[in-house]
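Please keep the sequence and the 3D view open as you read.

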Amino acid sequence: MRLTHMHTVRFTGAALAAIPLALGALTSQSSAQEASPSPSGTFGPGCSALSQKADTAKDKVVDAAAAYPQLSQLVSAAVRAHLTDTLNDKSAVTVFAPNDDAFKKVTASQLSSLLSNEGQLKKVLTYHVVDQQITPDQLSNGSFTTVEGGKLTTSGSGTDFKVNGKANIVCGNIKAANATIYVVDSVLQPPS
């Protein structure tokens, strides 16, 4: 009986020694777990898929978006519309950032037409920007005027929110130096 007790103690000691190693491997394996849902942190089902190259809290909004490969279409469109400096120079904005999957929902002819018309592209992109930093608490039943001049609405609760009743926020509350970013799965269209 005493021998069994010692084996238990040795096993427990070995298990305890292995725990830090296992935790270290988990920590280095995935930083997505750090972005767990919380009222003050990043939230949403798409956060784990949003692989990030660097900490974006010190970057201006367009540079922060460029750190996420899934926002490459948006960044490219912002550069094409000559909006980089305009957005980076703003002091406190919220961007409802369409991910690359959102751009895939737009037909090739519509996207081509949009990208070749700088005025229309600027109008669509600035419709995704609100001149204030919106907190997750404000998303439940929000109505905001965009930089483009139109209204956009947000609804939902917990970590499940929609913009204009159709675009899902797939990852929200990403911090940049001058902005809060909410990644959406659809390209929003300004009201006609």
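Five salt bridges are present in the structure, a salt bridge being a side-chain nitrogen of Lys or Arg within 4 Å of a carboxyl oxygen of Asp or Glu. The model is predicted, so local features need pLDDT of at least 70 and side-chain atom pairs count only at pLDDT 80 or more, while totals for chains, interfaces and linings use all residues. Residues are numbered from 1 along each chain as its sequence is written, and side-chain values use heavy atoms, with hydrogens and water left out.

| Pair | N to O distance |
|---|---|
| Asp185 and Lys105 | 4.0 Å |
| Glu118 and Lys122 | 3.9 Å |
| Lys123 and Glu148 | 3.0 Å |

Take the bridge of Asp185 and Lys105. Asp185 sits in the segment after strand 7 (179-184) and Lys105 in the loop between helix 5 (100-104) and helix 6 (108-116), so this pair ties together parts 80 residues apart in sequence. Helices (H or I, at least four residues) and strands (E, at least two) are DSSP runs, numbered from the N terminus. Asp185 is buried at 14% relative accessibility, whereas Lys105 is exposed at 54%; buried means under 20% relative accessible area, exposed over 50%, and partly exposed in between (1.4 Å probe, protein chains only).

Glu118 and Lys122 are four residues apart in helix 7 (residues 118-126), separated by about one helical turn. Glu118 is partly exposed at 36%, and Lys122 is partly exposed at 32%.

Next comes the bridge of Lys123 and Glu148. Lys123 belongs to helix 7 and Glu148 to the loop between strand 3 (141-145) and strand 4 (151-157), so the pair links parts 25 residues apart in sequence.

Now to the cysteines. Cys47 and Cys171 form a disulfide with their sulfur atoms 2.1 Å apart, where a disulfide is a pair of cysteine sulfur atoms within 2.5 Å. Cys47 is buried at 8% relative accessible area, and Cys171 is buried at 2%.
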